[in-house]
Amino acid sequence: MIIVKSTDYNFQKHSDIAFVATMGNLHQGHLHLIKAAKLQSSFVVVSIFINPLQFNDPNDLNNYPKSIEADLSLLDLSGCDLVFIPDDSILTDIETFQAPDTSNILCGKSRPGHFDGVLTIVNRLFEIVKPSIALFGLKDFQQFILIKNHAALNFPNLCIKGVETVRDNKGLALSSRNNLLNQDELKLASNIFNELSLIKKNYSSNNLYLLIDEAKNNLIKLGFKVDYLDSLDALSLNKIDSSTSSIIIAIAVYLCEIRLIDNIIINEP
């Protein structure tokens, strides 16, 4: 496995790159992305960079878990061919982007500027790595849609592929933030996906908002602080209307001050 730290590295000498962008503290969800990338290309590049531009809370940035040595060990066994670990010089003279209006809902509503930072760093990584395909987990569904639309405008030859969320045996979506929870809290956190699954199981066009309210109340009673639990058109992230064929139910909650997100789709597109 090649380890690269310089932004001057010539990635173009590797053809047909499949790219996975991460902020480190890797888990099985990341490894699943790498496995999916390996099916798309013989040369897989993984980046590790904790992007300060996407944190609107300095404490959140400072507390973001870091495990670079463990990450490199996992990557060496994962099928990754090259790991790109830039320092903050990657931000020098960076072209900044303002995310579109669909960034101002869901996670963007409570994290102003977050998706501006995401699109700015992802754009820079795409410029440097020049991949043919880039893979992103669908747990961060809003992020996936924003990146996909950004790439369509700015990197028309780049394929953006979404990869299904990886879960533990109780249904909890894998996340680096899960490492900040103890065993009892992890068990409690499984109720997030349980409530999403109940909404999907019992959904009809007439009872969706009632189901969402019930799920919110159930989670609050269990000790969660609900940031949002909302339903949107899964293709556009617009409000549901008569033309909507696929619905995403997206959620963000705080458990012991740790922010967790998840989603489920009704009527897969």
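This is a predicted model: local features need pLDDT of at least 70, side-chain atom pairs count only at pLDDT 80 or more; totals for chains, interfaces and linings use all residues.
Where is P100 found? P100 sits in the loop that runs between β4 (82-84) and α4.

**Stop 1: P100**

Colour P100 by accessibility. P100 is partly exposed, with a relative accessible area of 42%. Now show what P100 touches. Leaving aside neighbours within four places in sequence, P100 is in contact with L119 and L146. N149 is 49 residues from P100 along the chain, and the two C-alpha atoms are separated by 9.6 Å.

**Stop 2: G108**

Move on to helix α4, residues 107-110, and pick G108. Is G108 buried or exposed? G108 counts as buried, at 9% relative accessibility. Display the contacts of G108. Beyond residues up to four places away in sequence, G108 touches S103, F115 and Q142. Draw a distance from G108 to Q142, C-alpha to C-alpha. The value is 8.8 Å, for a separation of 34 residues in sequence.

**Stop 3: K139**

Next, select K139. K139 lies in the loop between β5 (133-137) and α6 (141-154). This lysine is buried, with a relative accessible area of 15%. Which residues does K139 touch, not counting residues up to four places away in sequence? They are T165, A173, L174, S175, I261 and N263. K139 and I68 are 71 residues apart in sequence, and their C-alpha atoms are 23 Å apart in space.

**Stop 4: the aromatic rings**

Show the side chains of the aromatic residues. A pair of aromatic rings is described by the distance of the centres and the angle of the planes. How many aromatic pairs does the count come to? The count is 7 aromatic pairs.

Start with F19 and F126. Their rings are edge-to-face, 6.3 Å centre to centre, with 75 degrees between the planes. F19 lies in strand β2 (residues 17-22) and F126 in helix α5 (residues 114-129), so this pair ties together parts that are 107 residues apart in sequence. Check the burial of each partner. F19 is buried, at a relative accessible area of 1%. F126 is buried too, at 2% relative accessibility.

Go to F55 and Y64. The ring centres of F55 and Y64 are 5.9 Å apart and the planes stand at 75 degrees, so this pair is edge-to-face. F55 counts as buried, at 11% relative accessibility. Y64 counts as buried at 10%.

Ring pairs link F19, F126, F136 and F155 into a cluster.

**Stop 5: charges over rings**

Select R167 and F193. R167 lies over the face of F193, at 3.6 Å from the ring centre. Then select K225 and Y254. K225 lies over the face of Y254, at 5.6 Å from the ring centre.

**Stop 6: helices α8 and α9**

Show residues 191-202 as helix α8 and residues 208-221 as helix α9. Two packed helices are described by the angle between their axes and the distance between the axes. Here α8 and α9 pack at an angle of about 160 degrees, with their axes 10 Å apart. Angles over 145 degrees count as roughly antiparallel, and α8 and α9 are therefore roughly antiparallel to each other. The crossing of α8 and α9 is right-handed.

Which residues make the contact? From α8, pick N191, I192, E195, I199 and N202. From α9, pick L208, L211, I212, A215, N218 and L219.

**Stop 7: positive phi**

Finish with the backbone. Most residues other than glycine have a negative phi, and most peptide bonds are trans.

Select D16. Phi of D16 is near 55 degrees, a positive value in a residue other than glycine. D16 lies in the loop between β1 (2-4) and β2. D16 counts as partly exposed, at 41% relative accessibility.

Now select E257. Phi of E257 is near 70 degrees, again positive in a residue other than glycine. Where is the place of E257? E257 is in the loop between β8 (247-255) and β9 (258-266). E257 is exposed, with a relative accessible area of 73%.

Technical notes: Residues are numbered from 1 along each chain as its sequence is written. Side-chain values use heavy atoms; hydrogens and water are left out. Rings of Phe, Tyr and Trp (its six-membered ring) pair if their centres lie within 6.5 Å; planes under 30 degrees apart count as stacked, over 60 as edge-to-face and the rest as tilted. Helices (H or I, at least four residues) and strands (E, at least two) are DSSP runs, numbered from the N terminus. Buried means under 20% relative accessible area, exposed over 50%, partly exposed in between (1.4 Å probe, protein chains only). A charge sits over a ring if NZ of Lys or CZ of Arg is within 6 Å of the ring centre and within 35 degrees of the ring normal. Axes are lines fitted to C-alpha atoms, for helices over the stretch in contact, and angles run from 0 to 180 degrees between N-to-C directions. Angles under 35 degrees count as roughly parallel, over 145 as roughly antiparallel, 65 to 115 as roughly perpendicular and the rest as oblique. A crossing is left-handed if the near helix is turned anticlockwise from the far one by less than a right angle, and right-handed if clockwise. Contact means heavy atoms within 4.5 Å.
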